[in-house]
Amino acid sequence: MNPLHLPWLELSIAVAIVGSAIVSRFRDPNRAYHWGLACIGVSFVCTLWAWLVYYLGVPAEDVAKYSVQSRLLGARIFEFDELSAPLVPTVALLHFLTALATARTKMRRYSFSWSLAAEAIRLATFSCVQPSWMLVGLLAASTLPPYVELVNRGRPTRVYALHMALFVTLLVFGWAAVDSAQGDISSIRAQLGTILLMAAILVRCGTIPVHCWVTDWFEHASFGIAILYVVPLSGVYAAVRLVLPIAPELVLRSIGLMSLATAVYAAGMSIVQRDARRFYAYLFLSHASLVLVGLELRTPLSLTASLCLWFSVMLSLGGFGLALRALEARFGRMSIVKYQGLYGHSPSLAVCFLLTGLACVGFPATVGFISTELLVDSAVEFNSLLCVAVLAATALNGIAVVRAYLLLFTGARHVSAVSLEIGVRERIAVLTLAALILGGGLFPQPGVSSRYEAAEQILERRERAKIAETGQAPFRGRTAHK
Amino acid sequence: MPDIDQVVKSLGIVVVAAPLLLTIVLGISSLVGRKLTEEATTRLGHATIVVGLLASITILGIMLAGGSRHIPIELGNWVMIENHHHEHIYHFSVKLVFDRLSVPFAILSLLLSGTIGAFASQYIHREPGFNRFFVLYAIFVLGMIVTSLAGTIETLFTGWELVGLSSTLLVGFYQERPAPPRNALWVWVVYRVSDAALLLAAVVMHHLRGEGDFDKFLGQRPWPEQLSSLDPLYSLDPRQALLVGLLLLVAVAGKSALVPFCGWLPRAMEGPTPSSAVFYGALSVHLGTFLLLRISPLLDLSPGLSAIVVILGLTTAVVAHLAGSVQTDIKSALSFASLVQVGIIVTEIGLGLRYVALIHLLGHACLRTLQFVRAPTLLQDYRTLENAIGEHLPHGRTGIERYRIWLYRWSLERGYLDPLLSEYIVFPFLRVFRWCDGMERRWTDFLAHGASRHSDQVPSRLGGIDELA
């Protein structure tokens, strides 16, 4: 048996599901940590291998031979295309690094069992390449583990539950309407469905005025779980798979305008925050909205920019979140009102904090630089005001990041009787992300080329949907193996 | 016999690679927690700067010997996107230009950086921030070299950002004191505005010409020759030229501390003296004027833009002179003295005196570096002079004393420029967003049926073991 022909993607999801079941039996947090970390690690290796198989060009039929999903589900639903191939291992990597960097003091609070369950849902979502009920179901299901997290922690759930109930309702009704139109995307039913789907995605992405659940979520969830729920940008994935191929221009323009307003608003809000978590939440909202802005423009360049920015957000905001989480593990919830003077305790953490923060805002030599350049370049061709707004958001985010850095790490030195230096596991996690951020920033061509291919594929899908509307070809997604 | 072009290209790469190597070695060793010793850091710093300086001087020699005034070095596309028809839909090319503007500025940057590197290795010897200083120093030198040799506006922007970040962090170098971090944030905000304007100008240039390449935008005439009707820029609408020019002028004003952004320069003096000397007194403050010289063909196209440049330069010189007259500490006085000269240089550029401006810039940078480096021993120098002449040095009246008291106060408050920016831009911005924050709180409290913000209970300072030194 050729190991390249094994269904590694399915294995990664299966490992996460089985791991979740096993870890849920352990009461000892230390044991749960070791087993949980092992399962998340194995799952990550499987996704990495699946990505390698995809890029080596192994024919889909060879992989399908050993696949069990055709037998179980009647069709191959979970597979890779240009868009999802690098996303899935990145999501798995984020889970692995977050688990790895969990401090001993936080092990009891961090539920590895629910984290594995959420990872399984997320990996399945990101490998679901066809717009289908399965994808809709997975997106709906992904809202449950965070709810359980809030309940388990005894925190208020109303804000989260109300928004997610709205999201799931809009998503289900929207897709039901689109599905019932049977490929006729110009029908009233399909158009109504698209509008409902758009609304669902705006809720999930935290676009104003339905963004408050994101800040509330960061207020109440454990930080690691909070990062993992939002940073992979499942809402953007839903937009690309469900809305972008069929949405009329008006819908896309509405998404773009609202996202642009959110990007600037959230960037401004991040500057006035007094709590580090809320600052992070607004920073995330601003970047997630910038990704949506790129999608709305519908040109190959803007889509490439958007997809590059998506990657940059995952890596840099993931790393930034882990650096902030490492601080929280030592000092508790961090206020950014007064200067805390933490540099002396952990210079490495300060450097990683600044590096990942600057990568978010597109500083040269980091992964965010070229994506911001591409986004600004594509925005100016579309509308100069759009370009000004994107630049304003980027500039404000940059100010917010350095302000947070100065408030947390400078000022009169904080005195402690114990060492507060960054731990080995945290260092590995943050340095891995830092290496990816710098590597992607210094050698961006492979990443950009891959995202351009994905952008072309998305636009091709949209074209096919338009052709299907005129009856020349059926509306179907395409799964490409190189 | 090696091809002369190939030699120049190799030397050009060495000029950029030397500070890049310094940045990589110091940066990575710090990131992984394996800092170099002071001696190794100093030696590496000296070696890389000397190599870069020798390479750039050799290039200057080759240019003078061969009579070439403009040597572009294409390093290829850093990023390129091609469609299925193999047409470029995007490219980010890396190109260096060696001409009469970039070579003197690069040599100046390396020369002063090298001098200050040697000075700093003694000045901050055994200080806790030694390694941090040299990491930022390396980033600064790299940024200066990339900016001065940039052949495309995207490359220039890369260097510009590196200079901005390193300068900001150096202003906040003495981070345990209260003032430096605050001033660093102010400097950073001004730099971000400047960066955004530059990026916007770059994008508009790209949009108008499809190229960010200076040669293709401004024409291939060697600097500082006037525009001719054959140059691509000549076909540009004067309004378009004015738009690009104004955006660039905002970038220049931010970086060179021109009115209304001149308040950041005295704030930047919170940094250690070596960084004040080289970064704000000599190099960083001239970066804006360098950009203005680089895009000076644009000024030929728009007399209105030239007039604005002249007015801006003169205003800055006058404000800086008045503010500098009433300063009571040597570094602030020197910073305003620098600003007076920068204002005059900007005026010269606006008047089309480009060689004069370049020579003024080079001479001023060297003089000011010397003055800044001597600043900590000013009293000692005075005493030596007074001992030598056998009497007290004459204390001249400041010219401002002759004016009315309000002008004195106006000068003392540095033209009220910082309060104006705070009152009309910063505070309204903060008020609007704080109001939004309050409204969000009311909304989430309503949805949650109670207090929704756990963060309200977070103390503003770290608790428990929090004992501030």
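Predicted model: local features only at pLDDT ≥ 70, side-chain atom pairs only at ≥ 80, totals over all residues.

Q: Which side chain does A:Arg241 meet, and why does the pair tie together separate parts?

A: Its partner is A:Asp81, at 2.9 Å from N to O. A:Arg241 sits in helix α13 of chain A and A:Asp81 in the loop between α4 and α5, so the pair ties together parts 160 residues apart in sequence. Both residues are buried.

Q: Where do B:Arg192 and B:Glu161 lie?

A: B:Arg192 is in helix α6 of chain B and B:Glu161 in helix α5 of chain B, so this pair ties together parts 31 residues apart in sequence. Their closest N and O atoms are 3.3 Å apart, and both are buried.

Q: Which residues are linked in a network of salt bridges?

A: Look for A:Glu219, A:Asp275, A:Arg278, A:Arg333, B:Asp437 and B:Arg453.

Q: Now the surface. Is B:Leu351 buried or exposed?

A: The cut-off for exposed is over 50% relative accessible area. B:Leu351 has 56%, so this residue counts as exposed. You'll find B:Leu351 in the loop between α13 and α14 of chain B.

Q: Which residues form a nonpolar patch on the surface?

A: B:Tyr416, B:Leu420, B:Tyr424, B:Ile425, B:Val426 and B:Phe427, with about 580 Å² of accessible area together. B:Phe427 belongs to helix α17 of chain B and is partly exposed, at 38%.

Methods: Residues numbered from 1 in each chain as written. Chains lettered and ligands numbered in written order. Heavy atoms only, no water. Helix = DSSP H or I, 4+ residues; strand = E, 2+ residues; numbered from the N terminus. Buried < 20%, exposed > 50% of the residue type's maximum accessible area, 1.4 Å probe, protein only. Patch = residues over 30% accessible without salt bridge, like charges linked within 9 Å, V, L, I, M, F, W, Y side chains within 5 Å. Areas by Shrake-Rupley, 256 points an atom, 1.4 Å probe, with all protein chains shown as cover. Salt bridge = Lys/Arg side-chain N within 4 Å of Asp/Glu carboxyl O.
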